[in-house]
There are 2 protein chains.
Amino acid sequence: MELINIMSRITDILGIKYPIIQAPMSWVTSAELVAAVSNAGGMGTLGPNAGQNTIANGPDDSAERLRTEIRKTKELTNKPFGVNYFPPAVDAGENPYGEALLKVLVEEKVKVLVVVGEANEKDIKRLKEFGFTIVFRELHPTVLGAKKAERAGADIIVATGFDEGGSTPDIPVGTMTVVPMIVDAVNVPVMATGGISDKRGVNAAFALGAEGVYLGTRFIASVESPAHESAKQDIVKHGTEDLILLRTGYGGYWRATPHSTALEAQYLNDNQVNSTLSKIGNLKTAMLDGRLEEGINTVSSGIQFIREIKTCEDIVNELMADFISVNY
Amino acid sequence: MELINIMSRITDILGIKYPIIQAPMSWVTSAELVAAVSNAGGMGTLGPNAGQNTIANGPDDSAERLRTEIRKTKELTNKPFGVNYFPPAVDAGENPYGEALLKVLVEEKVKVLVVVGEANEKDIKRLKEFGFTIVFRELHPTVLGAKKAERAGADIIVATGFDEGGSTPDIPVGTMTVVPMIVDAVNVPVMATGGISDKRGVNAAFALGAEGVYLGTRFIASVESPAHESAKQDIVKHGTEDLILLRTGYGGYWRATPHSTALEAQYLNDNQVNSTLSKIGNLKTAMLDGRLEEGINTVSSGIQFIREIKTCEDIVNELMADFISVNY
């Protein structure tokens, strides 16, 4: 029915075979997951609390734990991988976590940072001065933010549609619209994210002008993911229509599977979520520890198309089946 | 960069060259618009109040006005075209408008009905008994509704993503997700709608498994559209980020351009919209009469990609540039 022959600048920029990034999700990434994705030809990324199952004791402990996980990843793969970084807004003063992590990233010679947050030009410029390749994802994507990030030196921009899981953009505009909107705004290559979890979504993203895809949820339900088995099965057995939306407390929504904490929280506003429900947002409880009723399992609308837990190699191969790799 | 060779069952079912339908929008369709789309190789459809600029005096007047517009359309094209029909729920008792319109549709030998509403099997079965080809669009699309419509005899199902304009599904799940969700649910062909207004959107829809596309907003901004010139220019000059969401009063949202009525109404809930703002929902004021501040101009998130008013022929040719027509 279709023949899609896809080219991408992203494989060249990142030095990888397939233009697919496993998103740096909080708590549910690890050296094993990241290496599995990178070994399959995509790029894995270590997210916040990668490989951990306890909360770090301050910035230095957090940074040293990251160092350990980076070293572990390097033992498991010789392919490129990325690390998540939330930059401190330079003008906002000190951020001890950001600075401690940055020191480790430089010392460990990490090459690619996935920077998620606001499009702060000073932050991005500063990171570029250290020599990092920057994949930038604005949390609430805008044309202005994409242009600012490009001007500051971002190498790749991630365009996030509302089909995404946790946490969504604040305004519900779908992946179908956001991707070409950002593609038109910048000259650097764009990766699509939001609701993509099978080959159809990948091919649609390319048709929209994206040159790569950035997936979280599909990789949670992988063999190598550190997510709790019950959280993985929770994804496999639920569909898009089962999901509920609850405010994050800082703009946007979590899309969550239907368990008691999420069901109770769906009618709360930002302030109520912030003040009374600290368990929402600590994704560890449900997603890593598997206590589904006590926390939230946050996933994209693309769970409809995830019906089986597979290895990262199988996932990457299936997603990129129509991609013709040229150089890697 | 890409070669997409698209096949579709929809061209055979409808007897048209390109699998593209101009949606039956309220007030802003007419014999001229519909014939222009059909003559360009797609299928135009007459929507509620097609060709009118005053409100009809009851069911019989409404039906006779439709008869006039159908005859006018036949004079302007010998290609297939459709007519919108909101069926009365059979169990809900009489609906004089529905019955009066149905009588005219049968007498005028209309072949294709675009049925928008809930997936009521009795309604669809009854219409099939009259011999109509049914394009069914569930207002708030669900897997269950799609299956019910197929079982009742619908020939084509339209999958509507939240990227759409007026009125949106009640739950914000994007076109990127809804299309493959419905494709997986049924065996009849699916058309995609929501945020599609350039070739990229069309090709993405096909990559997602759709076999056709169903567009409203792109055709409002056409030369042949009866929309007021200022409403057309309003689309051309605004982008997706300018749009605001306001409740319809019956579930879902209108996506509207930023003028005073819409700006004031964006914080109202369903009851407030229902009880105090009858001007919202009467799309005639802004869209047909051009009094943009007094009504709402409701459009899809795909307005970002509409930068010029063009003829329907140019629009259809551009959208379907990668479609290889086989038989028509």
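Predicted model: local features only at pLDDT ≥ 70, side-chain atom pairs only at ≥ 80, totals over all residues.
1. Residues are numbered from 1 along each chain as its sequence is written, chains are lettered from A and ligands numbered from 1 in the order written, and side-chain values use heavy atoms, without hydrogens or water.

2. Start with strand S7(B), residues 190-193. Strands are DSSP E runs of at least two residues, helices H or I runs of at least four, numbered from the N terminus. B:Val190 and B:Ala192 are buried on one side of S7(B), B:Met191 and B:Thr193 on the other. Buried means under 20% relative accessible area (1.4 Å probe, protein chains only).

3. S7(B) runs parallel to S6(B), residues 156-160, with four bridges. Strands pair if DSSP finds at least two bridges between them. B:Met191 is the bridge partner of B:Val158.

4. S7(B) also runs parallel to S8(B), residues 212-215, through two bridges. Here B:Ala192 has B:Val213 as its bridge partner.

5. Chain A is divided into domain 1 (10-226 + 305-319) and domain 2 (244-298). These bounds come from an automatic or database domain assignment. The C-alpha centres of the two domains lie 22 Å apart.

6. One salt bridge is counted between the domains of chain A. The term means a side-chain nitrogen of Lys or Arg within 4 Å of a carboxyl oxygen of Asp or Glu. A:Asp170 and A:Arg247 form a salt bridge at 3.1 Å, N to O.

Technical notes: Buried < 20%, exposed > 50% of the residue type's maximum accessible area, 1.4 Å probe, protein only.
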